[in-house]
Amino acid sequence: MKGELFVISGPSGVGKNTILNRLVEERENVRYSISATSRPIRPGEVDGVSYYFVSREQFEKMIAAGELLEFAEYVGNYYGTPLAPILEATEKGVDIVMDVDVVGALKIKKRVPSAVLIFITAPSFEEIRSRLVHRGDVAPEIMAERLEHAKWEYAQAYQYDYTVMNDTVDHAVARIGEIMTAAKQEKWIQSMGNTGGKLCFIPQCPHF
Ligand code: 5GP
């Protein structure tokens, strides 16, 4: 069976990176999609691991060559998902988890309707603000813009397949893991010719 796409979004500071790293470490056959970006590299980031850091000109060449599954401009910089590694992995049955903003996630859903969109929230907006401030890697003037953008992103969460609260990392990883397992089981059932609805986990149910 082919691998599936799991698209994770949520405002800056909500803890997506930690959750994604844990999913890749703890689940079998899962790979992280390394995005390309034109934003400057931050302390602690590694080119080719955190992102592929490219110039705006290089990014625009990638767009023109059709090398991206999707791209978006986020607070003045380009971000996009390279297509080739995703095709290669999913052909081999490897699932892909990716960190993509709301605009990019909705573009992916249009292009790949089977992609599962998961929006991560924090217990409160205050928590987001405090996590961003304490992370300390974003300049204050950009921070204000990111917080403003985060409010808009929250308003779009209804367009996602699932919303997951990051109250603790363990909880969030477990919930997303269940979503991934259920989505894959559903695809498997469908591939067996049963399109009759969701999988049921109750032994008495005829769909069990
Ligand atoms: P950051 O600059 O904090 O690393 O990321 C800023 C935003 O860009 C985050 O909301 C993240 O989800 C989004 N992002 C990261 N990679 C991609 C991508 O490949 N495509 C799109 N559309 N957004 C991305």
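**View A. Strand β3 beside strand β6.** Strand β3 (residues 36-37) is joined to β6 by 2 bridges, and the two strands run antiparallel. In this predicted model, the residue that stands opposite Gly 80 of β6 is Ala 36.

**View B. The hairpin of β5 and β6.** Strand β5 (residues 68-74) also runs antiparallel to β6, to which 6 bridges join it, and Glu 73 stands opposite Tyr 78 of β6. Between the strands of this hairpin there are 2 residues, and Val 75 takes a positive phi near 45°.

**View C. Burial of strand β6.** Strand β6 covers residues 77-82, and because 6 of its 6 residues are buried, the strand is largely enclosed by the rest of the structure.

**View D. Packing of helices α1 and α7.** Two packed helices are described by the angle between their axes and by the distance between those axes. For helix α1 (residues 16-26) and helix α7 (residues 169-191), the angle is about 55° and the axes lie 10 Å apart.

**View E. Residues at the contact of α1 with α7.** From α1, the residues Thr 18, Ile 19, Arg 22, Leu 23 and Glu 26 take part, and they meet Val 169, Asp 170, Ala 172, Val 173, Ile 176, Gly 177 and Met 180 of α7. By class, the residues of this contact divide into 7 nonpolar, 2 polar and 3 charged.

Conventions
Residues numbered from 1 in each chain as written. Predicted model: local features only at pLDDT ≥ 70, side-chain atom pairs only at ≥ 80, totals over all residues. Heavy atoms only, no water. Buried < 20%, exposed > 50% of the residue type's maximum accessible area, 1.4 Å probe, protein only. Helix = DSSP H or I, 4+ residues; strand = E, 2+ residues; numbered from the N terminus. Pairing = 2+ DSSP bridges. Axes fitted to C-alpha atoms, helices over the stretch in contact; angles between N-to-C directions. Contact = heavy atoms within 4.5 Å. Nonpolar A, V, L, I, M, F, W, Y, C, P; charged D, E, K, R; others polar.
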